[in-house]
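Keep the viewer open as you read.

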Amino acid sequence: MTAHQVNTHCPYCALQCGTRLSQRDGAVRVEPSDFPVNRGGLCLKGWTAPAVLDTADRLRRPLVRDRTGEHTPVAWDIALDLAADRLRRLREAHGPDAVGVFGAGGLTNEKAYLLGKFARLALGTSQIDYNGRFCMSSAAVAANHAFGMDRGLPFPVTDLAQADTVLLAGANVAETMPPLLRHLERACLIVIDPRRTRTAELAALHLQPAPGTDLALAQGLLHIAVTEGWCDRRYLAERTSGFDDAWQRALTWWPERVERVTGVPAEDQRAAVRMLAEARGAYLLTGRGVEQHSRGTDTAAAVINLALALGLPGRAGSGYGCLTGQGNGQGGREHGQKADQLPGYRSITDPAAREDVARVWGVAPEDLPGPGRSAYRLLDALGRPGGPKALLVFGSNPVVSAPDAGRIRERLAALDLLLVADFVPSETARLADVVLPVTQWAEEEGTLTNLEGRIVRRRRLLDPPAGVRSDLEVIQGLATRLGQPAERFPAAPRKVFDELRHASRGGRADYSGISYDRLDAGEALYWPCPQRPADQEPHPGTERMFLDRFAHPDGRARFAAVDHRDVAEATCAQYPLTATTGRVLAHYQSGAQTRRVAELNAAEAEMYVEMHPDTAAAAGLTDGTAAAVDSRRGRVIARVRVVPTMRTDTVFLPFHFPGTGRANLITNPALDPRSEMPEFKVCAVRIGPADPEG
């Protein structure tokens, strides 16, 4: 049923800005609400979000690839029957792990939960992971080690407004989540970034390290905190463990050595530590810039070490946090679509967790598969001996977003069956054997969990177009055709959430005390929010974590003994420059949505590469010319933008564009050994004029 106005949230980043949607004369209008994270503001993407709802190439009917290789519209029953039959045959011939599932950090909590359940029960496969592995996984591993729990921000965003100093490490929030700046107006900003980004231009102090040296810089800052007397010794003694081992690793990173490795002047390093230590309220926040590395977990841990040395985490008015990126990047990593995880942020190898979840699902614990391959390993194994022969993709576009994207496209093309559920014909959908059209944000109900751990309600304004179904309906339709009872895979979001609550009970991310009724009544609920007995007041949620103790059994935060090491792929005579990638204001993720919005395309219409004027001149390039950027894996064609503030040894490429403009054609899939995060942020390249013949 169509509503005339609803309070809901933006479909893009993890801020989950509050919006009011209305419909008049067939047109959908959006305006910001006074939700705490955005306080009446929206970025350009949020203002233009309704344009994607009726984009000209919106998927409205299932598509099946015919014998000529073309997509042909078919009825839903035909598409689902075909998919289920192929899945059944592949499983019978090669075992359950012959089928893989790839989810997304943009799926609602309900979708992420049911997708994980579907993979493990209906398919019986261990081969499920999601694109969030490419986003927040390094910071998540580091936070779990340090604090015993991973919630991006263990405090509400609004706390930042009272800070004196905020350090942003690898986070360009002025472009990736502009409304957050409203909470940073009072603070002196310290920005760590190899580029002079829009955020760096707002900073009181910009530390501009060479790409891939953030860990050395973090070690140097810890060295200064210890040797120059800025550590909170009482806090270290009462609330932490492992400091001595971490300090032994940082001991050799004196400021002048750090300057030689990173290029950051020693006096700027000292100024940064002094600004943080002298502040009455200080926060250290990390983003993808320090996390998307083959040692991103260690880098995030080193930033946490600095925060602990200064006595910030678990103290009112100060702390450490990770700026989660995708719309449900937090909830998406909590409820079972990760390779090693069960709902409630519990390990799939934990016997107690397996027993609890199996009881909720009505199966035996031994019926649940074990851990599977992480995202890149899963994609790289497709169509190979021992790897999946079919893949189901929900809400992701790995043809553009995966590292070494040319290789991943080849793997997808080698499958016996590729099924994609999406609302636009993304680059991945165009490769698919079966394409299923699904609802968009304004056409569905559900919940998401924003970067501060607050659960928010997505509300429906519109009925979906005729011929379009929800992801939950797709999952149910496939599950029943694979022999599962329909009631095991409900298609009603409220019913799915009620089951999710029970499945999460007792986990790190405990949602058992949260309900649609409480959310719809306006309660601000942050997890953990355990269910209390009926004769007690409901749990109010946990707005601020760690104020009394950390989540480890001894209540202490743990330092990590980490050290800098070189990037996985160093520059050389053949590839003398370093390429780094990132987002820009006008676009989001793989660009599948934002590239379909005229206003956003007008702002950024084509792929480009930023470089210093001297770098361009040495390669025979000028501003506005077409350049070829080559790595050992592929070539990107991009328009040159000469930027005087760029380092001469570095070029920058946004990763939102398709075709020969895919930045990930050149990126390095070297993985972090703990988080399995690929090294998106550093690869060795050479540049030159693009061949005019193509």
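Start with charge: the protein chain carries 82 positive and 83 negative charges, and their mean positions lie 1 Å apart. Here Lys and Arg count as positive and Asp and Glu as negative, with His and the chain ends not counted; each charge is placed at NZ of Lys, CZ of Arg, CG of Asp or CD of Glu. Before going on, note that this is a predicted model, where local features need pLDDT of at least 70 and side-chain atom pairs count only at pLDDT 80 or more, while totals for chains, interfaces and linings use all residues. Residues are numbered from 1 along each chain as its sequence is written, and side-chain values use heavy atoms, with hydrogens and water left out.

Now the overall fold. The protein chain has 22 helices and 29 strands, taken as DSSP runs numbered from the N terminus (helices are H or I, at least four residues; strands are E, at least two). Its radius of gyration is 24 Å, close to the 26 Å from the globule rule for 694 residues, so the chain is as compact as a globular protein of that length. That radius is taken over C-alpha atoms, and the rule is 2.2 Å times the number of residues to the power 0.38. Along the principal axes, the C-alpha atoms fill a box of roughly 75 × 70 × 55 Å.

What percentage of the 694 residues is buried? Buried residues make up 65%, where buried means under 20% relative accessible area, exposed over 50%, and partly exposed in between (1.4 Å probe, protein chains only). Among contacts (heavy atoms within 4.5 Å) with a separation of 6 or more, 72% come from residues 24 or more positions apart.

In α4 (residues 137–147), nine of the eleven residues are buried, so the helix is largely enclosed by the rest of the structure. Its buried residues, among them Ser137, Asn144 and Phe147, pack against β12, α12, α13, β13 and β21. Just after α4, glycine 148 takes a positive phi of about 85°.

Helix α10 (residues 255–262) has Pro255, Val258 and Thr262 as its buried residues. Seen down the axis, they fall within an arc of 60°, so they line one face of the helix; the arc is that of the directions from the helix axis to the C-beta atoms. In general, an α-helix has 3.6 residues a turn, so residues three or four places apart point the same way. The buried residues of α10 pack against α7 and α11, and glycine 263, with a positive phi near 90°, follows the helix.

Leucine 391 sits in strand β16 at 0% relative accessibility. Beyond its neighbours within four places in sequence, leucine 391 contacts residues including Gly100, Phe102, Leu379 and Leu412. Asparagine 38, in the loop between β3 and α1, is also at 0%, and its C-alpha is 9.2 Å from that of leucine 181, 143 residues apart along the chain.

Most residues other than glycine have a negative phi, and most peptide bonds are trans. Yet aspartate 25 has a positive phi near 55° and is exposed at 77% relative accessible area, while tyrosine 345 has a positive phi near 65° and is buried at 8%. A cis peptide bond joins tryptophan 527 and proline 528, with omega about 0°.
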